[in-house]
Each structure stands twice: as structure tokens, then as C-alpha cells.
Amino acid sequence: MNRNGIAIVLTAGIAALACVVPASAQITAERLLEAADEPENWLTYSGGYDSLRHTTLSGITPENVADLRLEWVYQVRSRAGAAEKFEATPLVVDGVMYTVTPPNDVVALDALTGRVFWIYSHTPSQDARVCCGRVNRGVAIHGQTLFMGTIDARLLAIDARTGRLKWDVQVGDPRLGYALTVAPLVVKDRVVVGPAGGEYGIRGFIVAYDVETGEEAWRFNTVPGPGEPGNETWGGDESWRTGGGSIWVTGSYDPDLDLMYWGVGNPGPDWNGDSRPGDNLYTDSVVALDPDDGSLQWHYQFTPHDEMDYDAVQIPVLADMNWRGEDRRLMLWANRNGLLYVLDRATGEFLHGSPFVEVNWMDGFDENGRPNQVLAPSEGGTLIMPNNQGATNWYSPSYSPETGLFYIPSWVDTFSVYTKRPVEYVEGQQFVGAFPTMAMPALGTRPTNVRLPEEGYGAIQAVDPETGAIEWMFPMTDVTDSGVLSTATNLVFAGGREGYFYGLDARDGTMLWRQSLGGQIAAGPMSYAVNGRQYVAIAAGAGLFVFALPE
Amino acid sequence: MRAGLLAAAWLAGIQAQETFTAIELDRSEGGALYEARCMGCHGPDGAYGDAGDIAARSVELAGDDLVRVIIGGVAGTAMSPSGLTAFEAGTVAAYLRFVASDRVTGGDAARGREFVSNDGGCLDCHAIDGVGGLIAPDLTGIGSRRRSGQLRDSLLDPNAEVRTEYRFVDARLRDGNTVRGRLLNQDTFSVQLLSMAGRLTAISRADLDALEFIDSPMPSYGDRLTSGALNDVVRYLTTLRP
């Protein structure tokens, strides 16, 4: 008997059986919209279009989480060093798990046992250029097709049953620094991606392709050209041509408003804005697009004319709640620049902004939510908080409707000294300026930690989105690149660079369970169920670890 | 619980601004480039080998000429073009001039060796060629890694420059004992160190009252050495090459 209980009888002549595809195996647009109705599956990078990274499975609770034990491990086949972090969140569809091991291997596993069905291995071209490791954050699925971006800037469509390539398109030129590391987003019958490469003077965009054919449907330029609204915010000598505006974390979608939201990366060159006077839209912004034609409906810019590399490449978290007395459709955003934002996701209206770590580059907002900047890089060097890697970054926060708290994986008390140096654009090379100082390594490459406490530390912080107050903090000695998963049973799962994976009480941050996994956790946890039994999965070091309660 | 903390901190006006002079930055950038690209042949004081004393000559050469040499190399010698940009070469030039101004001259290496090996007590903590203590930085070949000015500074003020892998801590245990040693590693639940007695020691934070970073246990030699004797010790250390 296979997973779906269909007996496969090996008798000659019963050829029709092989062509029967169980209806449950098709991931239709409807199933993606109603993903919350099947919590045993994890159908998108963030678990659902609202990107709460929250599971309503109820098997694992604060009372029994201490009994969690390791069920299986899948170890990556390619070398996964510190610069090839295992960043993918797996999908689970009806007992089959799909994930990507670095740099670009798609693997289909039995979610029950971790055994391999098939592997599709893409060998990136030597032309591929990356700033921060040959990483990939996962696949998307539609119908029977998986979609993966590659570090040599291709988008691949792969048959989910056989691992065979169906189509592929070249999205950008890798020799100019364009790469794909984002887990794609499927909305209706389009698969949507954007390029990484903000350190290479790319000109960013969000692009949608037809899921069946790979034909380009529309493109939105995150750095507008002449004639496009926002181009007037790029002064200097055609600075928009190398303006950055990368895309490298999966967006969100509100089907009622029919709006798709994406966070946009930093302007180029990173650490010297003299050649690009102006606000540099839409870098460091959230853009709300019509998914049918990619047209811009609204935008909000978190860090205008950024010279601190504060990419707004975070997950847009779409939470509905009674907020200061009114039922509202909100967007919660914990930004790399150290500020927590609450926006109205229908209009982009700025509702609230407050720091969730120490911030010194700005000292307040005007009534439209524009930050008042007080510090910037200088020739002599300026100490700015938070540091260049940010108070948080691409890894996923979580919102729990049960506790009403927003959980932010944070780097606390960090700083960088930013120095302004001259920069020149050379095709295919980094276009950044002088690297700011960092007390802690950006990519977690050292095996030992001898840092002083005042150099910063990591924490999971639980923030009240109504007030911005930090309700509790779970500190860690080293920083974290881990996402957070919250559960309806009031647990929070998260980890950090030390390789500990934690189960915390979502209400007060008490540590209820921990497991040492021996390698940095730089991915988001997720949860799924098979045959009614709940599992929690997390990538750590060079392995994917799956936990469950004893049967 | 911590509601209002953020607002209070914000209102307190956090403005931890530090500015570094351009010269200090150039020196440190130039120093890093010099260490990586030049020190292997020219030595930490710029005085090794066939090239002779390049630090002294850097003071004599006009700025542009020096930068040109750093970028383009010297035809007919082992110094090939460096590939540095004009800006980078400028920082190296600034660094060389600083080295020239900060060097220790004179000193008798044999007298210095006598002090280090016996009365100085140095080998209680440091080792040279396999002889000595484990807890402090190994001084084997130190002359090829540190400028004479740095060696002098460390003898007078051991806390002036402490590399991150040589930080010392006092681990105060709940049972009243204190373990002092060099910090090797730490995480949220445990601390690993090399004790003063040279033993690898792991401590659970559950047993730890406090972990305090302390000043270097090395005493200053400012009072124990005349300036002449100090030069002797520095001279001896600069002769230590692998």
C-alpha cells in the first residue's frame, strides 16, 4: 500500500492504474487560498499567504513539548559550510516533503521517514555571483509543479512526482550579479520571483511567469526608470541603472484585497549615497502590487536614501486584529533598521513605529511615518545602531492570534561604524563602498564565541503590536538567523547560531524544551502532520531535523 | 513586564556617537592591508630583507612617489605590482610613516633574552619554541608578526592591545570558588576556558554566579625595566622569527 492507500498490483495489463492521480495531490489555486484549512500540510514558504508562520495543529503543547524526540534527519549532499547555509523552509504536501539543499538541489522526501523519492540537482554556472553564500530559501508548488530559483538567475519548473525539469527561464544575467535565492510565490496561475544582487549594482524587479509555460506575464521595476513614477527620486548621473532594489524573501498576498506585498532591498552603492541623491524609491520599501498586472497600488518606504544597507527584505506579516479599539487589516513589519511598524495593508497608511532594539540613526517620525534621520555614514566614520546586519533580517517572524504577540528574532545592542569612501561601478563586481565594522560576524563563520557582552547578543522578543512594548525576551549569547514558528497551543519554536533549537512558552518566554543540533540554525521552523501525528522540522547546520512526540 | 522600557530608552536620547579621525582610520586600514600583503616580505617594522628599511624611506619619499611604488612595484625586483587602488595605497603609505615614527631602536638582544628567559618571569605564561607556559600568546616567531612599537606597548600596558582570542575571565561559581582562565568559547548554557593551570575546563551556566571579563593577568613591566632594558627585551623579541 502506498501513502494514499491505493494498492499497486503488479499485474501486466493494468496500465490505467499508473495514470490515476489522486485528486488530493493537486495543489490548486483554491487550496493555496484555503491553506489554513489543511494545517497538516505546509503549502507555501510561510505556511499561508498571510505569512503568520503559525500552525493550528494541536498535538504538541506546553505540557508535553519536553517529550519531543528526534524522528529523522536528512543530511545535505553538497558541502554546506558557513557560507552555504541551509536556509530553506520545506513544503509538505500530503505526506511528501519538498525542500532545497544548498545550493540548488530540489529533494522530495517521505515526510514520515525522511527517505528520498528523488533529487533534482541543478549545477549553477560559474558565472553565478553571490554576496552572502550560495543559498536558497525553498520551493513553491502549483498543480504538480515545483518552482525553484537558482543562484545563476534561472527559474526552474520541476515535476513534483518525478523530479524532471518541465521548463526554465533565465531571469537575469548572473555575470552582472543577478541571482535568485528567494522561495517563489504562486498567486492564481502565476509564479512570482525577484533577483538578489543588491551588492552588485543590479536594477531590481518583481516578475511574474505563467505557471504552465514560463512565459513572462508582467514585470514591476523596484527601481523605476525614466517615465516611471518614482524615478525622480534618483538624482545624479542615471544612478537608477545600478540602483539595487533586490528581492530575496517571499512576499505575502491578501486575496480579499487582491494585493500582493513584497519587501525591497537596499539601494546601491550600499554605503555611499552621494551618487544617488534623493529618496531612492522603492528601495527599503514595501510595495503593494496588483497580482494580475504587477501595477503598484501603494508603497511605504522604511528607510529613505539608505546608506546603512537596511534592506526592507523581511516577511510582510498580514494580521487582523482589534487594534486600538478598531478591527483592522494590518501589516506587521519588524524592520532591519531596528523599528517595528504597523501599517494598514489596504492603504499603506502608517499607524505605528517604535524601536524594538536600541536605534540611534533616527529619533522619531513625522505624521506620515517618514523617519527623522540624525546620523549617517561619514568620512571619519560614524557609530550607528543597529549594525549593518540589522536588528532583524530576512528570517521569519511569527504572529500568534492566540497570544496577540508578534515574535521577532532579534540582534540586540549591536552597532557598526560606517565610513564613507568613494565607489566606482565595475560590471560584475561588488558596488558597495567601504565595509562597515561589525563586532559579530555577519555570516557566523567562527566556531567559537569569545565576544564581550557589550558587543551584542541575540534574542527572541515578543512584542505587543498595539503599543510596541516588549512583553518578554528570551536572550541567547550568540545572535540568531532563525525564523520563528508559533503554535495555537501557545508554543514558540526558534533557534540561533549556537545550534540550539528551543520550544518556548509563547505567553512568557519560559524555555520548556531545547535540543542541541550542532550547527547554526538559519532557516524557519515549520510544522506538519502525517496520519494525525504532528511533526516540527528545522534545518540546522548541514541537516534537516524532524521532531515528534513518542507514539 | 517591560512595557514602557522602549519609550523610556528612546526619550533618554540614545546618541552613542563615536567619530574616528581620518588618520586613525587610514592607519588601521593601511595596517590591515600591510599585514595581509606586505608584511611577509618586509616584516612588521618594514625593515626585513633586500628592500632594506622601507619605513625610514617612506618618510623621505614624496607622497605620490611612494604611492606609485606601492601600486606599481619595483621593476627588476621581487616586488610586483600590488593591484591596490590609489586610495588603498595611500592608506598603506600613511601606515608606513606611522611605523617609522613608532619604532623602537637600539637595544641588546642578548641582554633581552637573558631577562625573558630568567628574571622576567615571562615563560611562566608565554612559550617560545616549545618552552614555557600555555595560557598566554605563544611568542615563537613573534618578531615576524608584531611591530617593535606594539611589543613595547604591550610590555608597558598589557591591556593596550589584547587579541579577542586572549580574553581572560573570572568564572565565579555558586559554590564560592572562582575559576580564572582564558576564554575559549561560550554559549547560552555553558562556558569553556583554559584555566590558569593549563586545564581545559567547561562550566555550566547553571553553576555560574557570574562571568566577568578581567584585565590581562600580565603585569606591566614599566616599573621593572629601565628604558634601556625595555629596548633590550623588545630587540630580543623582534629577532624571534619562525
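Visitor: How much of chain B is buried?

Guide: This is a predicted model, and in it 37% of the 242 residues in chain B are buried.

Visitor: How many helices and strands does chain B have?

Guide: Nine helices and seven strands. As for contacts in chain B between residues at least 6 apart in sequence, 58% of them join residues at least 24 apart.

Visitor: Let's look at some packing. At what angle do α5 and α6 of chain B cross?

Guide: Roughly 115°, with the axes of α5 (residues 63-72) and α6 (residues 86-101) of chain B coming within 9 Å. So α5(B) counts as roughly perpendicular to α6(B). The crossing is right-handed.

Visitor: Which residues meet there, between α5(B) and α6(B)?

Guide: From α5(B) you have Gly63(B), Leu66(B), Val67(B), Ile70(B) and Ile71(B). On the α6(B) side they meet Ala86(B), Ala89(B), Gly90(B), Val92(B), Ala93(B) and Arg97(B).

Visitor: Over to chain A. Where does Asn104(A) sit, and is it buried or exposed?

Guide: Asn104(A) is in the loop between β4 (96-101) and β5 (105-110) of chain A. It's buried, because its relative accessible area is 0% and the cut-off for buried is under 20%.

Visitor: What does the side chain of Asn104(A) reach?

Guide: The backbone oxygen of Gly149(A), at 3.2 Å. A polar atom of the Asn104(A) side chain also lies 3.1 Å from the backbone nitrogen of Ile151(A). Setting aside neighbours within four places in sequence, the residues in contact with Asn104(A) include Tyr120(A), His122(A), Asn136(A) and Met148(A).

Visitor: What kind of peptide bond joins Pro102(A) and Pro103(A)?

Guide: A cis one, with omega about -5°. Pro103(A) belongs to the loop between β4 and β5 of chain A, where Asn104(A) is also placed. Another cis bond runs from Met385(A) to Pro386(A), with omega near 0°. Pro386(A) is in the loop between β25 (382-384) and β26 (398-400) of chain A.

Visitor: Which way does phi go for Arg53(A), then?

Guide: Positive, at about 45°, although Arg53(A) is not a glycine. Arg53(A) is in the loop between α1 and β1 of chain A and counts as buried at 1% relative accessibility. Asn280(A) has a positive phi too, near 65°. That residue is in the loop between β16 (259-263) and β17 (285-289) of chain A, and it's buried with a relative accessible area of 0%.

Visitor: What does Ser51(A) touch, leaving out residues up to four places away in sequence?

Guide: Ser46(A), Gly251(A), Ser252(A), Ile315(A), Pro316(A) and Val317(A). With Ser252(A), there's a polar contact of 2.7 Å between the side chains. The C-alpha atoms of Ser51(A) and Asp254(A) are separated by 10 Å, with the two residues 203 apart along the chain.

Note on methods
Residues are numbered from 1 along each chain as its sequence is written. Chains are lettered from A and ligands numbered from 1 in the order in which they are written. This is a predicted model: local features need pLDDT of at least 70, side-chain atom pairs count only at pLDDT 80 or more; totals for chains, interfaces and linings use all residues. Side-chain values use heavy atoms; hydrogens and water are left out. Contact means heavy atoms within 4.5 Å. A polar contact is a pair of N or O atoms within 3.5 Å; within protein, one must be able to donate a hydrogen and the other to accept it, and residues adjacent in sequence count only if both atoms are side-chain atoms. Helices (H or I, at least four residues) and strands (E, at least two) are DSSP runs, numbered from the N terminus. Buried means under 20% relative accessible area, exposed over 50%, partly exposed in between (1.4 Å probe, protein chains only). Axes are lines fitted to C-alpha atoms, for helices over the stretch in contact, and angles run from 0 to 180 degrees between N-to-C directions. Angles under 35 degrees count as roughly parallel, over 145 as roughly antiparallel, 65 to 115 as roughly perpendicular and the rest as oblique. A crossing is left-handed if the near helix is turned anticlockwise from the far one by less than a right angle, and right-handed if clockwise.
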